[in-house]
Structures are given as C-alpha cells and as structure tokens.
Amino acid sequence: MSYAVTITDLEWKYEHRKNFALKKVNLQIEENTFLGIVGANEHGKTSLVSAISGLIPHSYNGIYRGKVEVFGQVVQEMDALELATQVGLVFADPESQFTAMTVEEELVFGLENMGFELHEIRERLEWAAEITMIQDLLDKSPYDISGGQKQRVAIACVLAMNPPIIIMDEPTSMIDPLGKRLIFDILRKLKEAGDHTLIVIEHNVEQLAPLADQMLLVYEGNVDKIAPPREFFTDADYLNARGVVTPESTEFVQWLKAEAHVPPETPLPITLEEGIEITQQALKSRRQM
Amino acid sequence: MTKTLITVEELDFTYPDGTPALLDVNLSIGEKEFVALIGQNGSGKTTLSKCLNGLFKPTRGNVIIEGINTRQKGVIKQLVTKVGYVFQNPDHQLFNRNVWSEIAYGPRNIGLSEAEVKERVEEAAQVAGVHEDTFDTHPYFLDKGLRQRVAIASILAMRPNTIIVDEPTTGQDMRQSIEVMNFLRRLWKEEGHTIIIITHEMRIVADYAERTIVLGQGRVLLDASTREVFSQPEILQETYVEPPQITRLSQALTSFGLPRDVLTVEEMKEAFTQAT
Amino acid sequence: MTTSTSSQAVQQGVRVAKARKTLLGHVPISSPFYKFHPVTRLIMFVFFGVIPLFIFVPEVNFALLLINLMLMRWGRVNLRGLRIYMPIIFTVAIFMFTVVILAPGNDPSYTPLQAGPITIYYQPVFFTFAAYWRLIAMLFGTILYFSTNRERDMLVALRTLRLPFIASYVIGLSIRSAGMFMEDFRTIREAEQARGLDTKAMRFSDQVKLYMMYLIPLFSIALRRADEISNALFARGYTLTGRVGRGGKRQDYIRSLYKIRSRDIIAIAAMALIFAATGYVQMRYGTFAIEHSPLNIWLRGQLGIPF
C-alpha cells in the first residue's frame, strides 16, 4: 500500500501567535483515497492542509518541527513548482485565488509555469474546462462571474495541472446552492475516476460524508478522530461538543437506535437514502407490533 | 396583521449596464418579523435587499419605508434610522479609527447631540456584546466574529426598526453561526426588531426564520412561512434550493403519516413518535 | 445528478454576454476595434497619447479630441458615460488658470491686461490655454484606449512587443488590484450611505476628510488580500526565480490566440506615417507652434499685441 502523504510529528506555530496551531500531528493518507476533514474554525484544519501543500513553511514564517512527505519527497525541500506538480490547492474564498485578467489566462498560467507546449496547454485547458463546466466562461474576467463559477474555475486551474493530490479548503462555504451542488458533482466525478488523492475540508457534512473514504476531525491542533464515515458519526454529542454537526438523518437514526426503534446492529446511514430506508424499516416493524 | 414597515410595489430594478435584476416584485415586511431571503446568486437577493433600505432606487415601481418613498431626494438620513444594512464583509463597513467612533459614526451622521451619541453607543455596544475594553481598539485588529458584531452595533446605534444582514454565517463554523444567529434572534424576540437575513444555509433558515422569500431570476417565486416553503420542494427545485436533509427524510415517508414540514431533528423525533 | 442536467443548470446560470467589460466600462463585442490585434490598439494609444506633444496649436488639439470622440462612437463606446470625466476636466482647467493668473512669472515682454482689480498677462495665459488643450487631447486618447481595451488586450500587446512575462504579469496584477480597490471603494461608499452619510450635502473640506477615512478599510482589505494573492501564485507553481518546469521555455498561450493581419499592418503603417510627418514638419518648419494658432493671431490682433 502506498501513501500519498505521510506526516510525522508535525508541529507548527505561526509567527506572532502564542499557541502552536499544529501539535505533534501524525497522519498517513493512502494514495487515491478521499479524505474529508472537519472541525471548528481556528483549530488547525487550514494549517494542516497548508503543511501538505507546502504553503507552510514556504509562505509563512513560524516554528516548524517534524516532517511532511508527499510521495516520499520532503515538502520543506521542494520549491513552489515541484509542489504544484504534486499538490493542487483550492481555497475557500472564490475572490482571492485569481491573479490573471481572464479565466483562460488563469487556467494557462499554471500550465505555462510547468513548461508545457502550446498544443498540450490547449488540450489540458479544454479537458479541465469540460469537467468543471466552464467552457462558456473562458473569455470572461474572473471578476464578472458568480462565486460558484469562480470556484469551478479555481478547480479547473488545479485539474489542468493534474497533480496527483488535490486539496480543497472549504470549496463551497461561500457559494450558492447550485454552485455547491456542481462542486460536489465534480468531486464525485473525480472520486469515481479514482486517479487523485482528494483532501477536502468542508462544513457541509451531509454532502461530504457519502464521498469520503475517511473522515478526520481536527481539534486543538491535533488529529482528534479519524475513521470511515459510518464509524466517524457514531457519537453526535461528541462531535457537537467539538463544533461539528452530524448529518441530520444520521443523527436521527442514532436516536432510533438509542430508543430501540431499530435493531442495535443497524449500521449508521451516511446518505439520505440510507436514512430513509432505515426509518422506513423502523416504521414498518412498529406497525407489525 | 401587524403594522407594515416596508412596502414594495411593482418593483423593477435594472443595473446601469442594462442587466435586469428585479422584475415586478411585490411584498410587504411587517413589524417584528424574521425573514430569510433565499435564492441563487444572480436571483436578485442582494439587489432587493439594497432596494429595501433605499441604497438602490427603483427603476420602476416604489419602495415605501415607514411612509417614505425611497425615490424622494434627501431622505437618506431618515431612511437609515428605519432600515439598517449589515454588509457581508465587515471590512467594508469599518472605516473609523477605533471601535467607539465606529459605532458613533451613524448617530453623528444623523445629527444627534454628543450626549445622545454616547448613550446610543453604549446601548448598542452592550446589546451587540462589544465590550468597553475594545472601544479604543482599531477594528482591523479584532477577530472576524467581533468585527461583525461591531458592524452590527454600528447599525443598532441608529435604532432602526428593520435590520438586513447579508450572509451572516458565510465562512463561519457551526458554533460561530449559532452565536451570530442567536444574537439576531435576541434582537428580534427581545428588542422587537424586524430581521431580514440573506443566506444560502437552509439549516439556518429552518432553525431561525419564520418567513422565507424565495427569489429566482429577479422574481418572487415563493413568499410564505418557512414551514410552508420547505414543504414545496418542487418549486424550490427550480432555484436549486434543497430543504434541510431532515425535512427531505420526513417528506420521503409521508405515506407512513410523517408530515411534509418537519424542520429539525427534534421535530422529526416527535413526528416519528406520533406517526402510525 | 447526471452531467447533462448539471450542464443545463450551468447554462441557465450563465447570462449570455453581449458586451465586454473593459477597463473603463462596457463595449459591445461587435465593436470594430476588436477586429484589430491588441498591439495595433496599443500603438493607437501611444499615437494619440504622444502626438499632442508635437502640437501647440489649441485648435489642432481640439480637433484631435473630436477625432477621439468620433473613434469612440465608431467603437460603440457609450458616450454618455464620459460625463464622469467632466469634474476632472474642469478641475484641471481651474487649477492651471488659477496658477497662471496668480503666479504668472516675471518677464518684461509680457503684456499686462487689466481685468477689474487684477492684472493678467496675455502670453502665459494663452500658453496655458494651449497646454490645457494638449493635456485634454492626451486625456481623451487615454480614455479611448481604456474604454475599448481589456487588461488582457494590453498584456498581450506588451508581450507581443517582447516585454518579459514577469513584467507584464506585475502590470496585470497591479491593474487587477486597482480594479479590486475600486470595487471595495464602491462597497465602502455604499456602507457609508447605509449609515446615513449624504455626500451631496457635505462641504468640500469634509469630503476630503472622507477620502482619508476610506484609506483605513481599503488598506485593511489590501493587506489581507496581498497574502491571498501570493498564496495563489504559489499554488500555481510560480517560483520566484521564474523557473519553468521540464527545463523548458515558457510558452505564451494567450498570445498565440491572436494573429496580426494585413489591416493591422496598414493601420500601424498609417499611424507611423502621420506621426513621422507631424514630427518632421513641426521640427523643421514649426508648423504646429503656438504662433500659428488662428485664435492666438486673432486675439493679438484684437488686443494689439505684436508677436
């Protein structure tokens, strides 16, 4: 089994801050799996993914101890170009991640940095634009499109560079319902293709849980809990105390189990459909009684 | 029916570049309401909300705020004491050198005496939970949650009946969202303000708003109690809005006697117990 | 949801653009300017920006201004939008003439004219008048360019003229920052209005103070944003050394999309010719010197001032 990311005893403190943002983090992420990350703000989620993408320590000052490796290469020793070919990064704020004047320029910027030939640039541009459904936006300024469209452009930029690891930091937190849905559609496509290691921070657990192979809770600068989603959401109160919501149907089935409306061995649902099925069983069995 | 605060009649709004944003909007907002404005980006939510406080003047039709038509000239100072508007990014609305003058800015603009200004600032800061210790601090150095509260306090200081808050929970986690929403609920319940929020978070809408207005392509698609709005997923589908997951769970099982308008997990538990 | 329904949803979400957002407004895509290569348009900007420097006959500069306006009309620029430049046009006039009237300089050859209690000297005033129209002609040349071109056009043009990539990128980023700055500025003004500020009812000194106030939020936002942009550059694999992957040379994809056609060559040649001719007659014969201004000749005749 090969690991895309290996983090060993990572500690990180931002300059001018009192506390360590990350405290002795150890984590391994298997290649081509989907890791969902949740946790309250200011507990280290973004710091953790920044350490994987190399933004920490390359773009921030602070105290760094421990080691982060992507495919066996030490992040600290790689430059921006080497890192960008391994790790793609999509930020939360759709406004803030553009540097060019039109969507098309934005997409080709990374490809030009990677030294591709014109025909390769065109092919990758077209491919990434198609997956993210932004073909009609290429000629526009990144100012003039909606937040959801911007976020899809940001994803397209990363896809065009085709790094084996793609990190998204709350990609849907600032966009509207259709925008959110389209982004989860893209994530689903990527997961089905199975060619990327996907690391996604997201508050929207109802959409995230069905996609994730593993869910990770970051709390007080540490990996507090890591488990497949069905195990991860067994204790809504525990998660709630750490500022994380549980999908509503999962929470409801927990109650059904606690009240013995369903057999104790019933697995927890992570999708609405599963939730409906279990609730339906519970209603049926109660009718028969 | 309670007293009407804002009346919107046959409102059209077109941007200077010719983009139509609102078409034939008719609605009224009453005293002590908690309203959520939802819809896609580009559906006209923000444009409508800016018409509701007179920042934007109608292209056609009228907006009447407590008897004042927003088309009239020179009414800005009157309007801001009736409808307050909290922008999405607090950085855009904090332009004074410290928290105290930030909150005092509005009251001074409307020409109150320094004694009255002081009274207003202290009252607003207290309601918004902005502690006196921060009065001398530059707003830039406060954390985001506190900047947002200062922004709200600076609106409260003008004592408007209606407060519009643009995306109060965007980018915030569960706990921060609950904190700001509970605060808005308190303003509504205890202080008697009408609250209008613009949001994409359906859980927030379900938990807090009594009335929901759904906009789509510049028109009002639905305007009813939140319960009623979420029990019509077909119309919501047009705007890509999905009711909360628990609502959809209950709606899938109406044949077992579960209601269509469950809003929270707690309500669902109750509905399950009563269903036969 | 299948891909096809997502695409439909996407289609609905997109408004079909009929106009392009340029640096200073919107211009229809069908504008004839877009038939020309960006480099031609940039040379036209230089042409209209520099040619007034040869010309000190206010009538000719005024004619240039009219040509600029005609080109804008031809290029389907919304001329009513030009009203926003009126304040600057007047402010410059007031400033220049105030200075020259209050501090005309000291030269025995100046002809004093008595206008009520103040003494005005003819020569420096007419000189200022000529300089003013030269400035306004240059201003309209600039407005013409920025109303019909996007940032992208300018960068493509600069890179076609062999400006290094990094330099063009820095220019692009600055324009972009300026754009965001303006957007923030607009929002801040709205936020102030929402707190009861009525700028129309303000004294001038208070308005100046007001502009100082904008600096606080504008810089707060800019500071937070600077970090974000540098992170975005990092995430796209941009190295400080400008190193390009695979040991290759940086390709310029966007520039490869534009082709120079014969109409570009004709236009550039025509501009070069007019430019050279104007320069030559001015240098050699002083054709466009202030002494040749018909207005100057007429006024001197009326006032009895010899050359």
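Trainee: Where is Glu30(A) found?
Mentor: Glu30(A) sits in strand β2 of chain A, residues 22-30. Helices (H or I, at least four residues) and strands (E, at least two) are DSSP runs, numbered from the N terminus. This is a predicted model, where local features need pLDDT of at least 70, side-chain atom pairs count only at pLDDT 80 or more, and totals for chains, interfaces and linings use all residues. Residues are numbered from 1 along each chain as its sequence is written, while chains are lettered from A and ligands numbered from 1 in the order in which they are written.

Trainee: Why does Glu30(A) count as partly exposed?
Mentor: Because it has 15 C-beta neighbours inside 10 Å. A residue is buried if 20 or more other C-beta atoms lie within 10 Å of its own, exposed if 12 or fewer, and partly exposed in between, with C-beta atoms placed from the backbone.

Trainee: And how far apart are Glu30(A) and Tyr3(A)?
Mentor: In sequence, 27 residues; in space, 4.3 Å from C-alpha to C-alpha.

Trainee: Switching to chain C, how many helices and strands are there?
Mentor: Chain C has 11 helices and 4 strands. Its radius of gyration is 25 Å, well over the 19 Å that the globule rule gives for 307 residues, so chain C is more spread out than a compact globule. That radius is taken over C-alpha atoms, and the rule is 2.2 Å times the number of residues to the power 0.38. Along the principal axes, the C-alpha atoms fill a box of roughly 85 × 55 × 40 Å.

Trainee: What share of chain C counts as buried?
Mentor: 26% of the 307 residues.

Trainee: How is chain C divided into domains?
Mentor: Domain 1 of chain C covers 28-162 + 259-307, and domain 2 covers 164-241; such bounds come from an automatic or database domain assignment. Their C-alpha centres lie 30 Å apart. Where the two are in contact (C-beta atoms, placed from the backbone, within 7 Å), 4 residues come from domain 1 of chain C and 6 residues from domain 2 of chain C.

Trainee: Can we look at α3(C)? How many residues does α3 of chain C have?
Mentor: It has 17, residues 58-74, and reaches 24 Å from its first C-alpha to its last. That is close to the expected 24 Å, the expected span being 1.5 Å times one less than the number of residues.

Trainee: Which residues of α3(C) are buried?
Mentor: Pro58(C), Val60(C), Asn61(C), Leu64(C), Asn68(C) and Met72(C). Down the helix axis they fall within an arc of 165 degrees, so they line one face of α3(C). The arc is that of the directions from the helix axis to the C-beta atoms. In general, an α-helix has 3.6 residues a turn, so residues three or four places apart point the same way.

Trainee: What do the buried residues of α3(C) pack against?
Mentor: Against α2 (38-50), α5 (122-148) and α11 (294-303) of chain C. The face turned away from the buried side carries the exposed Leu66(C), Met70(C), Arg73(C) and Trp74(C).

Trainee: Last topic: how many residues of chain C are in contact with chain B?
Mentor: 19 residues of chain C, with 22 residues of chain B. On chain C's side, α7 (165-193) and α8 (204-235) each supply at least two residues.

Trainee: And how many residues of chain A are in contact with chain C?
Mentor: 43 residues of chain A, with 41 residues of chain C. The largest share of chain A's side, 7 residues, comes from α4(A).
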